[in-house]
Amino acid sequence: MSLYKNQSLKIYNSLSGEKEVFTPIHEGTIGMYVCGPTVYSNVHLGNVRTFMSFDVIYRYLLHLDFKVRYVRNITDAGHLTDDGNVENDRFVKQSRLEKLEPMEIVQKYSVDFRKVLDHFNFLPPTIEPTATGHIIEQIELTEKLISLGFAYESSGSVYFDVAAYNAKGLNYGELSNRNIDELIANTRDLDGQSEKKNPQDFALWKNASPAHIMRWNSPWGDGFPGWHLECTAMSTKYLGETFDIHGGGMDLKFPHHECEIAQGKACNGVTPVNYWMHTNMLTMNGLRMSKSTGNYILPMELVSGDNTFFEKPFHPNIVRFCFLQAHYRSVLDISNDAMMASEKGFNRLMEAVKNLKEITPQNESTLDISRWKKDCYEAMNDDFNTPILIAHLFEGVRCINILKEGTAALNSEDLKIFSQTFETFIFDVLGLQNVKDTAANTDKVEGLVNILIEMRKMARANKDFALSDQIRNQLIELGIQLKDGKEGTSFSIQ
Ligand code: AMP
Ligand code: ZN
């Protein structure tokens, strides 16, 4: 029997503002859509936090034996900056800056995104569609919305008609609890506003000016799709008109997800998503991590130590462990202290994994393993509460210590259940990796590089520059960069 049949999973639904018992639409198969990155620059750690929350949610659903169709898109066109000015198309701007084709920008940062996620041990989604690969679907949706009276053309652009939507008794603003009158009052001047019937109408299709290089032919002339539309096009194509879970960061609730709800309901007459899930923000220095404000750190800068914020490099496992010690709906402030504490905690957990293998079964059990196992599941069943799960795993560490001391005992059946549960939650559900890949290895690499730095110093003292260059260059080939400074030679690992 599938494991999920024994569990009662509750998910906090942002739409109702309550934790609800999770009931999938199709028995045993779940559709999950997560808004992916806009690939015009490197992902920062904040982005990684959001995607990691959904990685763990995906992992737990798989662990419960659900079949999951997990769609995470790549936004490679049409995501305009907030002011809506088409000249501020992120891809076009970045391509000018880097003197590359927009699609080279897309490729460069898609590769970076996947590389980073690989480093952090993410499971790939089952479908990773791109906006530019679904232009036809977006044009079809736009045509459908026009024919149903929910959208109108204006000067080669097409806008969603929020007033027409509300006039049909549909409720624009239901996710973010916004009132349409307030919206009208608060809307700033937007580019092309004069083309709109109402300032809160949003673009489904934008007319491309002659200079705009990312453009596609459409019934309304050359243009490009609006950002909100791509997610409706791709989610309905792969998951259906109504699917189970839709996720993203909290900042996407409005307008992005609000618009997705409106597009879905207008097009298909049904609510597109049963459970809306939103992750909270990663902050640094108490402020939201964001590219635009410069308050950010790149994932690989944290891993290599090539930054001025953290005192030392941290392995991706430690970053994952740190992130998962906060619930996905809580703000997490990243700091050197938090990372140092996570490193300590993570090493304790790995030490316990090692020790558990050395415990021998006894005739009788003196610990209540089934209660402990139930607690672990209850934590994850309560809206994927990873910090509570980790607290139970540390309770497991305490048990391992007393089992090792011999002041507690487990029979072979209980020991088997304990080991399986402990390892499954650590490795399969939380996605942490084994000790041999992490802390101990990092120490060894550091030790070896330091030996080579010493040997290079000796070579230079002997004026053997060929050897000293050879050491430096071969380390570079391995992704290890030596830096000579006043205080001696340091290194960073890419
Ligand atoms: P973007 O590429 O800007 O569309 O962002 C990709 C994802 O990262 C979205 O789900 C955002 O909500 C999320 N995100 C952006 N900044 C942060 C942050 N500081 N902390 C957590 N998630 C974030
Ligand atoms: Zn989206």
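What follows is a chat about a predicted model.

Biologist: What sort of model is this, and what counts?
Modeller: A predicted one: local features need pLDDT of at least 70, side-chain atom pairs count only at pLDDT 80 or more, and totals for chains, interfaces and linings use all residues. Residues are numbered from 1 along each chain as its sequence is written, chains are lettered from A and ligands numbered from 1 in the order in which they are written, and side-chain values use heavy atoms, with hydrogens and water left out.

Biologist: What is the mean pLDDT of the protein?
Modeller: The mean is 92, and 94% of the residues reach 70 or more. pLDDT is the predictor's confidence in each residue, from 0 to 100.

Biologist: Where is it below 50?
Modeller: Over residues 188-192. That stretch has 11 contacts in the model beyond near neighbours in sequence. Contact means heavy atoms within 4.5 Å.

Biologist: On to the metal. Which residues coordinate the zinc ion (ligand 2)?
Modeller: Cys 35 (SG), Cys 231 (SG) and His 256 (NE2), at 2.0 to 2.2 Å. Donors are N, O and S atoms within 2.8 Å of the metal (3.2 Å for Na, K and Ca); water is not among the atoms, so sites may look incomplete.

Biologist: What spacing do the donors follow along the chain?
Modeller: C-x195-C-x24-H. The cysteine pair links distant parts of the chain, with Cys 35 and Cys 231 196 residues apart. Cys 35 is in the loop between strand 3 (29-34) and helix 1 (45-63), and Cys 231 is in helix 7 (residues 227-239). Helices (H or I, at least four residues) and strands (E, at least two) are DSSP runs, numbered from the N terminus.

Biologist: Are those cysteines buried or exposed?
Modeller: Cys 35 is buried at 6% relative accessible area, and Cys 231 is buried at 0%. Buried means under 20% relative accessible area, exposed over 50%, partly exposed in between (1.4 Å probe, protein chains only).

Biologist: New topic. How many residues has helix 11, and how far does it reach?
Modeller: Helix 11 (residues 336-357) has 22 residues and reaches 32 Å from first C-alpha to last. That is close to the 32 Å expected at 1.5 Å a residue. The expected span is 1.5 Å times one less than the number of residues.

Biologist: What covers its buried residues?
Modeller: The cover for helix 11 includes helix 9 (299-304), helix 10 (316-324), strand 13 (332-334), helix 13 (386-405) and helix 14 (412-429). Among the buried residues of helix 11 are Glu 343, Phe 346 and Leu 349.

Biologist: Where does Gln 94 sit, and what is it in contact with?
Modeller: Gln 94 is in helix 2 (residues 90-98). Leaving aside neighbours within four places in sequence, Gln 94 is in contact with Tyr 40, Ile 105 and Tyr 109. Gln 94 is buried, at 16% relative accessible area.

Biologist: Backbone next. Which peptide bond is cis?
Modeller: The one from Phe 254 to Pro 255, with omega near 0 degrees. Pro 255 lies in helix 8 (residues 253-268). Most peptide bonds are trans, and most residues other than glycine have a negative phi.

Biologist: What is phi at Ser 155 and Asp 383?
Modeller: Phi is near 50 degrees for Ser 155 and near 55 degrees for Asp 383. Ser 155 is in the loop between strand 5 (151-154) and strand 6 (157-160). Asp 383 is in the loop between helix 12 (369-381) and helix 13.

Biologist: Buried or exposed?
Modeller: Ser 155 counts as exposed, at 52% relative accessibility. Asp 383 is buried, at 0%.
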